[in-house]
Each structure stands twice: as structure tokens, then as C-alpha cells.
Amino acid sequence: MELSGNNLIATTSCYCERKNSLFSSRRNQDNFLYSSTKKKNKYNKVLNLASTTSTPKKKLTPLRKRGSSGNEDNSDGSPESSSSSSAMEQLDFERGVCIPFRKYTPETVRNKVFESNGAVLSLIGRGVEIVWKLGIYWSALLSDFLIGRDQEVVPFRARQLRNLLCDLGPSFIKAGQVLANRPDIIREDYMNELCILQDDVPSFPNQVAFTIIEEELGQPLEAVFSKISSRTVAAASLGQVYRATIRDTGEEVAIKVQRPGIEPIIYRDLFLFRMLASFLNGISLQKLGCNAELIVDEFGEKLLEELDYTLEARNIEDFLENFKDDPTVKIPEVYKQLSGSRVLVMEWIDGIRCTNPKAIKEAGLDVNGFLTVGVSAALRQLLEFGLFHGDPHPGNVFAMRDGRIAYVDFGNVAQLSQQNKQILIDAVVHAVNEDYTEMANDFTRLGFLASGTDVTPIVPALEAIWQNSSGKGLADFNFRSVTGKFNQLVYQYPIRIPERFSLVIRSLLTQEGICFTLKPEFKFLEVAYPYVAKRLLTDPNPALRERLIQVLFKDGLFQWKRLENLIVLAKENVNKMSSNPAISQKSQVEKKLDLTDTIKDGARVVLLDSEIRRKLLLALTEDSKLHIQELVDVYRLVQDDIDMPSVALDVVRDIPAVTRDIMLSWSNSVLNDL
């Protein structure tokens with residue numbers, strides 16, 4: 001594999017965060033993640049010292065298997081190749097992660113298309129078909145505009161667009177599904193119509209599907225399965241699902257089968273998409289602040305990953321690993337010996353679809369408890385694991401009769417780097433502290449705005465959106481209203497929503513929609529806030545310890561009431577989760593808020609950091625009086641959640657290490673002053 005200088009740098013300096021799929025050591029990863037900010041944080045050394053013995057290192061394995069199809073780097077040094085590499089490197093840089101053995105590159109797509117005979121004629125024919133059908137549609141839109149009826153026919157034109165995408169095939173269906181989550185590209189009324197493509201896609205004949213299964217298994221269908229459904233359970237853009245029973249064990253399984261002959265169609269369409277994008281770069285730069293090719297590359301990368309069911313099987317294994325100690329979440333097992341690149345056999349989930357709230361209530365489930373479990377599971381994926389389900393529509397989420405939440409269909413997952421997760425938490429902290437300038441800078445760091453963009457005009461708009469939404473309080477706050485206002489913002493400024501964050505937005509909106517379906521008066525943030533509070537107070541991650549300090553200090557003043565609210569909210573999260581039957585049956589699960597480690601780490605930070613000590617002393621003596629009552633109030637809230645003997649014992653044990661660290665810190669400061 002040949003690599004140009006730039007590619008070599010990108011390949012050797014990009015690292016992945018994903019559990020069980022890491023590409024390099026955490027130390028190198030963190031160096032890369034923070035190199036882009038060029039910023040030293042005063043508390044990092046102190047907080048890292050406080051956690052050096054917290055968790056054992058895990059075995060690191062490559063993110064992508066070597067030798068899988070399409071993984072070669074076909075860079076040939078041409079201008080087109082250089083441009084393509086630059087776009088892919090930009091994606092990696094924005095994410096803070098890279099995929100060293102990716103299935104998608106523009107060069108790979110081009111080579112796949114031209115390796116077959118008659119490729120040029122096929123491209124010309126397909127191009128003419130696309131231009132002709134889309135041309136007729138755009139002509140109709142232009143005619144509506146000239147006549148002045150463009151607004152009144154929007155519902156009809158939106159349905160027409162959805163049908164047109166279905167007619168053009170799986171690549172366009174998938175593109176429509178993506179556009180349904182891209183307010184920076186398409187208007188809201190069209191987005192709502194395209195959402196139908198996520199659930200309502202025509203299926204292909206059973207006999208064709210059964211033939212594909214037999215080809216993958218290498219034996220007749222009846223030799224493996226004693227029974228298989230005569231109708232599809234679900235149909236999507238890339239495949240469809242059947243229910244079956246394994247002959248030898250009697251286990252119920254779901255069989256996902258890929259649409260026939262889809263791969264060459266996908267490669268051909270991706271090639272044409274990118275060719276078209278090269279002509280739209282100027283418009284895209286003006287409207288979104290990025291090349292259109294970048295958007296196509298994001299789309300193509302996810303699409304080719306979804307096309308390989310071996311990758312989906314690995315996604316499921318990663319989710320199983322992430323939730324292995326969580327009794328509230330059910331992830332289906334994979335039958336790898338029966339699966340391949342075009343067929344995926346999974347454990348059948350015998351639950352109640354979230355599209356059927358009546359059945360959930362009739363099953364005697366506590367709706368509040370189930371929704372708390374669902375919101376907490378979603379936030380764990382987003383803020384803790386960095387690997388989250390990208391398509392949690394109601395048909396992919398089930399309520400189990402024992403109170404658990406179950407997920408299916410892991411073809412569309414997205415990954416956030418450690419840096420991305422921390423910036424998201426930063427954004428929450430900046431929102432709490434009403435620091436809208438830093439919130440705008442967070443958008444730049446996440447890739448919504450091009451690097452170097454002047455955020456000054458955006459700050460008032462962000463302030464208006466957040467204050468108008470949060471000013472109503474938790475009772476009336478919802479993501480859909482905030483997203484709607486943000487959608488208007490993206491049309492006024494060169495804001496691009498990176499693909500992974502479009503999935504985040506869709507994921508939150510979809511799950512909020514599920515909550516409203518099951519309980520119309522349910523308030524998403526009333527569950528989300530307690531979860532975030534619990535994480536800030538109890539997570540051993542040094543970065544979160546730092547964010548906790550930022551939340552508790554505003555303009556140099558300690559926020560006593562905010563600390564009390566955090567503790568109350570965190571306890572609320574624990575209490576709601578413990579009431580779930582899936583947890584109440586597990587004696588080893590934490591059923592109360594444990595702040596012991598937080599107190600230990602906090603004491604260590606106070607001992608090591610003179611600035612923190614100074615601020616705390618000021619907090620206790622603020623307004624020329626001792627704030628003993630506030631301290632007593634906080635202690636009363638946490639006295640049942642701290643193992644004081646354990647804290648005292650650990651403090652005694654840590655005296656030599658703390659003394660050493662203080663001496664090292666003092667000697668470093670002396671050397672720096674020389």
C-alpha cells in the first residue's frame with residue numbers, strides 16, 4: 001500500500017476511541033485529539049494525577065480488518081487523488097478519529113466502477129436517467145415558482161420527490177433518508193415527507209431473498225431453518241428482514257438479507273454523485289462553508305459500511321460489550337457462523353414495538369420507568385461510549401416485558417471521538433453558564449463552522465435560541481422547538497451539520513418523539529438533566545471532573561445552589577432507574593448515589609491545586625461571612641452517599657503520593673520561573 005506524505009501523516013496521527021476497536025494507545029490518541037486546540041488547560045495535570053490509577057488499560061485491536069474488500073488506498077498522486085485525500089483527511093480531522101482501513105475512498109469507488117466491461121456506457125445511461133427524471137422534477141418546481149404557487153403545492157411536490165427517489169433506486173432512497181435529517185440542505189416540510197422513507201420501502205421477492213441466504217449459507221434453507229416467515233417483517237433501502245427458527249436448537253432468529261445486485265449500483269451512483277458534487281463546490285462553500293464533495297464523502301462512507309453486514313455484526317458486538325453490565329438494555333446476539341457480508345442472522349427480540357404504546361401499557365409496564373431507561377441508554381451511547389445507534393426510530397426500539405429497552409438494526413451507527421464527547425459536555429456547561437461566545441466556538445470545534453469563521457454574528461442568534469427555549473423551564477422545553485429554530489439559523493449563516501451530528505440530532509428527536517408517543521406530557525430534559533448531573537458528579541473521567549469545576553464556578557464565584565441542584569437531580573436519576581424491574585432484580589447494581597470517589601478525587605485536587613484552594617476559601621468567606629450553613633446543607637444531602645471510613649482511609653494512604661505530587665508541582669513551578 002503506497003501512501004503520499006500527507007496520507008502517511010494522516011494515517012499515523014489519527015486514532016480511534018471505539019471500545020474493542022482501538023487503533024493506538026490512549027496516550028497517542030489524546031495527543032492527537034488535543035493537538036488541534038493548541039490550548040493547555042491548567043487543571044489537566046492535576047486532574048490526570050487524580051486518576052492515574054483509576055482504570056486498567058485494555059487490549060487494543062485494529063478498527064478495520066485488513067484485507068477486506070475496498071480497503072486498499074488507491075491514491076495515484078493525481079490532482080483528483082490529492083483532492084480526494086484532502087477531503088477524507090478533513091473528515092478524519094473533524095471527527096478526531098480516522099478509519100485506517102476504510103471501505104470508502106473516492107479512488108476506490110472510481111476503480112470499482114471502471115473494473116467492469118461497459119462501465120462507460122453504464123455510467124452514461126444511468127447519468128441520462130438521473131438527469132432526465134430529476135430534470136423533469138426541477139422543471140416542475142421552477143414552473144411552480146414562476147406561476148407563484150410554489151408554497152401551496154409543497155405537500156404534493158414533497159410526495160412526488162419521495163416517490164421519485166424510490167423510483168431511482170436504493171442509493172437515492174438512502175440519500176432521501178439522509179436528507180430527512182439535514183436541515184442545512186433541505187427545508188423542513190420536505191424533510192418530514194422524506195422521513196417516510198425510513199419505514200416504508202418496497203420489498204423484493206421472497207424467492208430472490210431465499211436464494212441469497214442459501215448462497216451465503218452454502219446449503220439449502222431447510223437444512224438450517226425449520227421455519228421461515230412467508231412475508232417480510234421489515235423492508236429497508238438496502239435489505240429486508242424475515243423471522244425464522246433454527247432447526248437444530250429451536251431458537252427464534254431474525255434474518256436480514258441484502259437487496260440483490262445492489263453493490264455495483266451503489267458504487268456507480270456514488271461515482272456520479274461525487275462528479276456532480278465537484279460542480280457544486282462553489283455554491284456549497286458559500287451556503288455551508290464546505291465542499292459538496294465532503295458531504296458526498298460522508299454519505300458514501302456510511303453507505304458502504306451499511307452495505308457490509310460483517311461490519312454490522314461487529315457493531316452489534318460493540319454494543320453488547322458496552323452494555324454488558326447494564327441490566328436495563330437488551331442487545332441481540334449475532335449468529336456469526338450463519339452470517340456473511342449479505343446475510344445477518346440475529347437473536348429474535350420478543351418485545352413490544354414502541355409504535356404500539358397501547359400494548360406497552362396493557363403489558364403492565366411502568367411507562368415512566370421505561371422512558372427513564374430509554375433516555376439514559378441514549379445518553380450513555382452519546383456521552384459515555386461515543387458509539388450510538390444512528391436510526392432509533394420506533395420500529396427499531398422495543399419495550400421488553402421485564403422493563404428493559406431493546407435495540408435492533410445496527411447498520412447505521414455513528415462514532416464520536418473523546419474530543420467530540422467532551423466538547424458536547426463543554427457546550428452544555430457553556431449553556432448553563434450562559435457563555436454564548438464559547439458555545440459558538442464549540443460549534444466551530446465540532447465542525448459546524450469552518451475553521452477561522454468569525455462567530456461574532458452568530459452569538460446573539462444562539463443566545464436568543466437558547467434563552468427563549470430554556471426560559472420556559474423544563475416543563476415546556478423540547479428538542480424539536482430548539483432544532484426548528486436552529487434550522488432557521490443554518491440558512492442565515494454558513495453552517496454545515498456534520499453527518500455524525502445529523503445522526504445525533506435525529507437520534508435525540510426520534511427518541512423524544514417516542515417519549516411523547518408513550519406519554520404526551522413526558523419531558524425529555526427532566527430525565528436528561530438528572531443523568532448529566534449524575535455523570536458530572538460520579539464519573540471518574542478527569543475531563544468531566546474539570547467540567548464539574550466549571551459548572552460550580554461562575555465569574556469566580558462558587559455556585560452553592562447549583563451544587564445542591566446537581567446532587568438532587570443525580571439522586572433523582574438513581575431513584576428512577578432503581579425502580580425499574582430489570583434493576584430491582586439485580587442485587588449487585590448500584591441503587592443509591594455513591595459520591596465516595598468524587599469526594600476522594602475532589603480532596604486530592606484541592607490539595608494539589610492552589611488556585612482551586614483559593615477559590616474554595618473565597619466561596620466559604622464570600623460577602624465577608626462564613627458560608628457554614630451552605631456547607632451543612634450540602635453535607636446533609638450527601639451524608640448517606642459517602643463512605644466516610646473509606647474516604648479517611650484512602651486519604652491516609654494517599655499522603656505519601658500527594659506529598660510527592662506537591663513536591664513535583666512545586667519543583668516544576670520553580671523550574672518554569674527560572
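At what angle do the axes of α12 and helix α14 (residues 292-307) cross, and within what distance do they come? The legends below, which describe a predicted model, begin with this pair.

**Figure 1. Packing of helix α12 against helix α14.** The two axes cross at roughly 170° and come within 9 Å. Because angles over 145 degrees count as roughly antiparallel, α12 is described as roughly antiparallel to α14. From α12, the residues in contact are I262, E263, I266, Y267, L270, F273, R274, A277 and S278; their counterparts in α14 are A292, E293, V296, D297, F299, G300, L303, L304 and L307. Sorted by class, this contact comprises twelve nonpolar, two polar and four charged residues.

**Figure 2. Crossing of helix α17 (residues 367-385) and helix α23 (residues 524-538).** Here the axes come within 9 Å and cross at roughly 50°; the helices are therefore oblique to each other. The crossing of α17 past α23 is right-handed. On the α17 side, T372, V375, S376, L379, R380, L383 and E384 meet F524, V527, A528, Y531, V532 and R535 of α23. Eight nonpolar, two polar and three charged residues make up this contact.

Methods. Residues are numbered from 1 along each chain as its sequence is written. This is a predicted model: local features need pLDDT of at least 70, side-chain atom pairs count only at pLDDT 80 or more; totals for chains, interfaces and linings use all residues. Side-chain values use heavy atoms; hydrogens and water are left out. Axes are lines fitted to C-alpha atoms, for helices over the stretch in contact, and angles run from 0 to 180 degrees between N-to-C directions. Helices (H or I, at least four residues) and strands (E, at least two) are DSSP runs, numbered from the N terminus. Angles under 35 degrees count as roughly parallel, over 145 as roughly antiparallel, 65 to 115 as roughly perpendicular and the rest as oblique. A crossing is left-handed if the near helix is turned anticlockwise from the far one by less than a right angle, and right-handed if clockwise. Contact means heavy atoms within 4.5 Å. Ala, Val, Leu, Ile, Met, Phe, Trp, Tyr, Cys and Pro count as nonpolar, Asp, Glu, Lys and Arg as charged, and the others, Gly among them, as polar.
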